[in-house]
Amino acid sequence: MNFAHLCGKKRPFMNLLIKNGHVIDPANKIDEKLDVLVTDGKVAKLGKPGSISANDTQVVDASGRLVVPGLIDMHVHLREPGFEYKETIATGTAAAKAGGFTSVCCMPNTNPVNDNRSVTEFILAQARSAPARVFPIGAITKGSKGEELTEMAELHTAGCFAVSDDGKPVMSAAIMRRAMEYSKIFDLLVISHCEDSSLSDKGVMNEGVVSTELGLRGIPRAAEDVMTGRDISLAELTGCRLHIAHVSTAGSVRLIRDAKSRGVKVTAETCPHYFSLTEEAVRGYNTMAKMNPPLRTADDVAAIKQGLKDGTIDVIATDHAPHALDEKSGEFDYAPFGVVGLETALGLTLKLVDEGALSLSEAVRKLTNNPAAILKIGKGTLAVGSDADITIIDPDIEWTVDASEFKSKSRNTPFNGWKLRGKAIQTIVRGR
Ligand SMILES: [Zn+2]
Ligand SMILES: [Zn+2]
């Protein structure tokens with residue numbers, strides 16, 4: 001596939017020498033102090049500190065810093081076209097860059113839905129001048145209504161690497177089966193939003209003690225688990241590559257672990273809020289803690305951390321879901337589901353590393369090489385010759401989340417005021 005259409009305006013490439021950084025590139029088993037030379041937008045050379053000399057090169061001193069492949073978020077909502085008051089491709093990718101992400105994959109639940117070539121092409125055109133790369137995900141069914149399959153051949157040719165009806169489940173198992181058979185022809189990844197809507201049925205938070213105490217309608221964990229189980233069975237039947245979005249329950253972790261052990265082609269992601277928070281965050285009718293799937297229990301959080309550690313969960317993605325403040329400040333029952341995540345994901349992941357739940361290299365892998373390999377987008381590595389998408393992280397900088405400073409157009413985060421350690425200080429896209 002030709003990526004020229006994804007590139008920004010032609011500017012002469014600046015050559016760059018990133019010196020003395022701690023380079024972590026899990027794809028190449030690199031975890032040591034190295035210099036990295038970037039020429040013409042590509043990684044040109046890696047070598048021991050001081051071993052690379054170059055003329056006409058801007059030097060970046062990365063002493064005490066981590067130098068990693070540009071972070072990839074395979075699950076964001078950029079809201080354009082149709083909901084530009086929440087986010088645009090420009091503001092969403094600015095938020096991505098601020099958070100250390102060089103590539104994002106945008107879900108198709110825009111208006112119109114990205115279910116045909118013209119919407120995909122519009123997104124790619126808007127992304128041409130964006131500060132981060134954008135990989136559009138096409139819809140599984142027309143209008144994401146769960147009824148009629150999209151023309152996946154056309155979506156694939158237009159530049160989609162995956163299909164999903166995210167935001168909604170594909171409720172008919174028969175349609176999901178056909179979708180998997182069809183997508184397999186083009187080796188398109190199918191990303192499943194696992195929710196049985198007959199079980200989640202107007203629920204607004206996790207079903208349990210807290211929902212009872214608050215008098216809010218609950219969404220049982222089974223609403224997610226039965227769909228995870230169904231789609232694993234369908235992936236097994238069809239041989240399709242299935243990716244489970246935003247895993248939030250211990251049950252889903254168990255099902256995915258079992259499926260992987262049997263060789264089913266299934267991968268999975270979770271989001272920072274599912275390993276950082278429980279349903280307790282909803283108390284006080286906090287709409288910033290309202291998301292779908294909902295925050296679960298401490299047992300689920302423990303299972304997700306275990307799933308991340310043992311490789312059951314391959315990816316950390318944000319499910320960045322911007323909403324305007326006036327939408328989120330209404331009554332809990334009516335507030336929309338979703339939180340922004342691009343500017344807090346790295347700090348929350350590094351917190352997991354600080355707690356010892358995940359090694360630094362495994363954390364980097366789940367934010368770089370794993371999503372790239374699952375999507376087959378040829379990124380997430382610092383191998384010589386690869387695109388120079390690089391994130392430089394200060395692992396020691398302590399900072400407080402201040403939503404008013406977000407580059408995102410929206411501020412709906414449950415992490416406002418949290419003290420975090422570690423932040424991206426330079427996000428290099430295409431060597432710039
Ligand atoms: Zn979803
Ligand atoms: Zn989503």
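Author: In this predicted model, the contact between helices α12 and α13 is made on the α12 side by Leu346, Thr349, Leu350 and Val353. Their partners in α13 are Leu360, Ala363 and Leu367. Sorted by class, the contact comprises 6 nonpolar residues and 1 polar residue, with no charged ones.

The geometry of the pair can be stated in a few values. Two packed helices are described by the angle between their axes and by the distance between those axes. Helix α12 covers residues 345-354 and helix α13 covers residues 360-367; the angle between them is about 150 degrees, and their axes lie 9 Å apart. Angles over 145 degrees count as roughly antiparallel, and α12 and α13 are therefore roughly antiparallel to each other. Their crossing is right-handed.

Distant parts of the chain are linked here: Asp166 belongs to the loop between β9 (162-164) and α4 (173-185), while His193, 27 residues away, belongs to the loop between β10 (189-192) and α5 (197-200). Both Asp166 and His193 are buried.

One joins Asn111 and Pro112, with omega at about 5 degrees; Pro112 is placed in the loop between β7 (101-106) and α2 (117-127). Another cis bond runs from Asn292 to Pro293, with omega near 0 degrees, and Pro293 sits in the loop between α9 (272-276) and α10 (298-309).

Positive phi values remain to be described. Asp40, although not a glycine, has a positive phi of about 50 degrees. Asp40 lies in the loop between β2 (30-39) and β3 (42-47), and its relative accessible area of 53% makes it exposed. Asp187, likewise a residue other than glycine, has a positive phi near 55 degrees. The loop between α4 and β10 contains Asp187, which counts as partly exposed at 35% relative accessibility.

Definitions and conventions:
Residues numbered from 1 in each chain as written. Chains lettered and ligands numbered in written order. Predicted model: local features only at pLDDT ≥ 70, side-chain atom pairs only at ≥ 80, totals over all residues. Heavy atoms only, no water. Axes fitted to C-alpha atoms, helices over the stretch in contact; angles between N-to-C directions. Helix = DSSP H or I, 4+ residues; strand = E, 2+ residues; numbered from the N terminus. Parallel < 35°, antiparallel > 145°, perpendicular 65-115°, else oblique. Left-handed = near helix turned anticlockwise from the far one by under 90°. Contact = heavy atoms within 4.5 Å. Nonpolar A, V, L, I, M, F, W, Y, C, P; charged D, E, K, R; others polar. Buried < 20%, exposed > 50% of the residue type's maximum accessible area, 1.4 Å probe, protein only.
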